[in-house]
Amino acid sequence: MLQLKNISKSFGVVQALSDVDFEIAAGEVVGLIGENGAGKSTLMKILGGVHEPSSGEIFIDGEAVTIHDAKAAERLGISFVHQELNLLDNLDVAGNIFLGREPRRFGCIATKQLHDMARPLLEKLGLRIEPHTALASLSNGQKQLVEISKALSMDARLLILDEPTSSLTLQETDTLLALVKKLREQGISIIFITHRLAEVEQVADRVVALRDGELAGELEGEEIHRDRMISMMIGRELKEVYPENEPSLGNVVLDVKNFSTTRWPHGDTSFQIRAGEILGMAGLVGAGRSEMAQALFGVDPSPSGTLSVNGAPLKRGQVRDAIAHGVFLAPEDRKASGLVLEMTICENMTLNSMSRFSNRGRINPSRERSQTAQWLKEFGVKAPNVEHTAGNLSGGNQQKVVLAKWMTLAPKVMIFDEPTRGIDMGARHEIYQAMVELARKGCAILMISSDMEELLGMSHRIAVMCEGHLTGTLEKNEFSEEAIMNLAVQIHQNVPA
Amino acid sequence: MTDTATNFLSQLLSRYRKESCLAIVLLFVAFWTIFFSRDTEANGFIQSLIDSRFLSARNLENLARQIGMYGIFTLGMGLVIITGGIDLSVGSLMALFGSIFFYSLTGAHGWIPAMPWSVAIVALMLVAVVIGAFHGWLVAKIRLPAFVVTLCGLLGYRGLAQTITHDTSIGYFDSKFSVAGLESLLTGKLFGLPAAFIAFLLFSALMDYVLHLSVFGRYLLALGRNEQAARYSGINTVLVMAFAYVACTVLAAVAALFFCLYTSDVVPSMHGNFFELYAIAGAVLGGCSLRGGEGTVVGMIIGTTVLLILQNMVNLLGYDSSFGKVITAIVILGAALVDRFEIWKLVYRRGS
């Protein structure tokens, strides 16, 4: 039914997709898998009309088509059910299904007709809810089904489900998977994107894996097996970007006990990091790693748990207490939380350490400038001068400023959240060297990363999180991508339902 | 020597590009007023300009006093706008503060005892700190929108002023203690300049120091641009933001002192009407961005001055005062458009 040929897409210098072929027949369920950043979303956004491919062709029923926007996709019978639901909480179910296409009478919405139109759609999905039910009163699972009925109401022939089960309970997931099978029987094609490989095993006729924007392999029917899927998603050699990194471990510096976060209040994470050690933290997106980092640093409150640095306990949720004890966080999103983009490099560098550059509240601009200039040289930040606006730097240089801002303050515990996301190899290498150097000086390092190579290449130990829980810690001799992925998709058994 | 001078000038221009653009508007408005209020009977063109009604000692003194009074609370508003907030309660607070202050001089009101003016000023400032801290707490800690909090202030404080005064005008002539010192302090002159103007200059110098040289000012600008990044840098954003509201309310109280002695009686339903809007206009005209994180003291000074010269022009040239509002509106809108399309960048591209 649908065929994609040699699809490539680049954003600036980043090649998101290169030469991807993909096809799906009517009434087929294809599981699309891949690590974060492998290009799944980009491929689907091309189908949904959000992006246009840089090169390549799209055929529907053998005819070449172009998809300029979401409306065009809709006309071709392609429907997208997003991870974040696109529903309006203040309308009822029928109003959501037919939003923008309501039947009208005398310029007003014909409510009765609207509800009558919605009823058979809901019944078709086995949804036992009335069309006039307020959307806000539905559970996440029911909302997901409403979203699917909306897609069906537009005569969708191809349904793209993007992580449809990520916010559903187990029963809701079962209902959804049963529905997917039912829709297949009605001849609807379904692309099912998920991190949960067990679901793919259950429903997919075929599995396509992407890796680094390229096709990594396909499995059909009986071949679909968890282990084979994992090795397709990963499985490449480590390149020579990671510096020599023999640990010289000291005493325990950071001691975290029974820690939870506001996002996962039932989480119960305990771990220790010793001086000179780099603890990698792995997990899928949404596993609660960044929330953990923010709670440890104190920018987010945390409902329970204790943490101490060199035996001294810290107050939970107090950034300044964390900073006073030498616990620093280089946050994941450098534009939103790492930098004030409109301010100069110099102002950004010293914002967290003003007391060193001021005397009784008065800033000493020349000291601030000369120190920043020296730091920029040390970290190899390429900038015309220290008065340059931070927002005008390249991503790699911005990231270096964020890291340098904290690494120059002699941290005892340094938390890096995705330290090299979206950064080229050269800058990466320099950042890794700075991290190793920091560890050598006896700093305890927690490195959160979604990059397998980085985790395996840099860490001395790797802790893996899943849904707010620490599912396991791997020692160096147990390191393997399979082992990490196994722990990352392992749903914690002790979660109270 | 000339080199350092040009260097200094070009540095000044590049730092205050927006402001210098506005200064041109200021000069234009001032010259327009001088030209059309010139003394037609004077000898020669230059002399006729010098003898214009605009440049008369009385007019200039009056203008300086107005600029001083309006400027003081505009500074406070600018501080709040830099945090990304707004304070709509300033005008109503002027009425409330004026009433409280006069009552504390005369003791005419049941529960406000008569006190010497120096004590009354201290008491008023304490009240201002409490009110400002309340606003700051609601906005920065409880995270209510500043617009809503201070809109309630706009309604509430004027209503309160009208309630405690039974909606009658009050004066201070039967005060229990001598007020000669107070009058000379607030309505007197120093070096030929009105006290309000001198006070404005002092506060401006202080604000300029705080905003551009102190750690606190750096924090204020950082949190106005990106509150989250400021928090991630370990800045106590709640305290810094709340302080801006305290400063704004205290400066409103200072301006209220000058203003109530200038009018010599307070009509609670009228006193300070729309002052919050003049303050916002002055700050925005002076280059403060309502998105926060942007603004200079020099800009606020020029902004206030432009607004008041416009008003002065309308009075002097006998334009209909209703039409004067239209002119003011056009100038502010024009400044916003200039800002939106960053026209000042074109003007000074070569200079920088």
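Helix 9 of chain B and helix 10 of chain B are roughly perpendicular to each other. In this predicted model, their axes come within 5 Å and cross at roughly 65 degrees. On the helix 9 side of chain B, the residues that meet helix 10 of chain B are V210(B), L211(B) and L213(B). Their partners in helix 10 of chain B are V215(B), F216(B), G217(B), R218(B), L220(B) and L221(B). Helix 9 of chain B covers residues 195-213, and helix 10 of chain B covers residues 215-225.

Another pair of helices in chain B is worth a look. Helix 4 of chain B (residues 57-82) packs with helix 12 of chain B at an angle of about 160 degrees, with the axes 7 Å apart. That angle makes helix 4 of chain B roughly antiparallel to helix 12 of chain B. The crossing of helix 4 of chain B with helix 12 of chain B is left-handed.

Together with F275(B), F259(B) forms a pair that is edge-to-face, at 4.8 Å centre to centre and with 65 degrees between the planes. This pair links distant parts of the chain, since F259(B) is in helix 12 (residues 237-263) of chain B and F275(B) is in helix 13 (residues 275-285) of chain B, 16 residues apart. Helix 13 of chain B and helix 14 of chain B (residues 297-316) pack at an angle of about 120 degrees, with their axes 7 Å apart. At that angle, helix 13 of chain B is oblique to helix 14 of chain B. Helix 13 of chain B passes helix 14 of chain B in a right-handed crossing. The contact draws on Y278(B), A281(B), G282(B) and L285(B) from helix 13 of chain B. Helix 14 of chain B supplies M300(B), G303(B), T304(B), V306(B), L307(B) and Q311(B).

Back to the aromatic rings. Over all chains, a search of the whole structure turns up 19 aromatic pairs. In one of them, F28(B) and W32(B) have ring centres 6.0 Å apart and planes at 50 degrees, so this pair is tilted. Helix 2 of chain B (residues 17-36) holds both F28(B) and W32(B), which are four residues apart, or about one turn of the helix. F28(B) counts as exposed, at 54% relative accessibility, while W32(B) counts as partly exposed, at 34%.

F28(B) and W32(B) belong to one aromatic cluster, along with F31(B), F35(B), F36(B) and F45(B). F45(B) sits in helix 3 of chain B (residues 45-50) and is partly exposed, with a relative accessible area of 45%. In sequence, F45(B) and F35(B) are ten residues apart, and their C-alpha atoms are 9.7 Å apart in space. Setting aside neighbours within four places in sequence, F45(B) is in contact with F35(B) and R38(B). R38(B) also has its charged end over the ring of F35(B), 4.2 Å from the ring centre.

N310(A) is not a glycine, yet its phi is positive, at about 50 degrees. N310(A) is found in the loop between strand 16 (306-309) and strand 17 (312-313) of chain A, and is partly exposed, with a relative accessible area of 48%. E467(A), a residue other than glycine, likewise has a positive phi, near 50 degrees. The loop that holds E467(A) runs between strand 23 (461-466) and strand 24 (469-475) of chain A. At 24% relative accessibility, E467(A) counts as partly exposed.

Note on methods: Residues are numbered from 1 along each chain as its sequence is written. Chains are lettered from A and ligands numbered from 1 in the order in which they are written. This is a predicted model: local features need pLDDT of at least 70, side-chain atom pairs count only at pLDDT 80 or more; totals for chains, interfaces and linings use all residues. Side-chain values use heavy atoms; hydrogens and water are left out. Rings of Phe, Tyr and Trp (its six-membered ring) pair if their centres lie within 6.5 Å; planes under 30 degrees apart count as stacked, over 60 as edge-to-face and the rest as tilted. Helices (H or I, at least four residues) and strands (E, at least two) are DSSP runs, numbered from the N terminus. Buried means under 20% relative accessible area, exposed over 50%, partly exposed in between (1.4 Å probe, protein chains only). A charge sits over a ring if NZ of Lys or CZ of Arg is within 6 Å of the ring centre and within 35 degrees of the ring normal. Axes are lines fitted to C-alpha atoms, for helices over the stretch in contact, and angles run from 0 to 180 degrees between N-to-C directions. Angles under 35 degrees count as roughly parallel, over 145 as roughly antiparallel, 65 to 115 as roughly perpendicular and the rest as oblique. A crossing is left-handed if the near helix is turned anticlockwise from the far one by less than a right angle, and right-handed if clockwise. Contact means heavy atoms within 4.5 Å.
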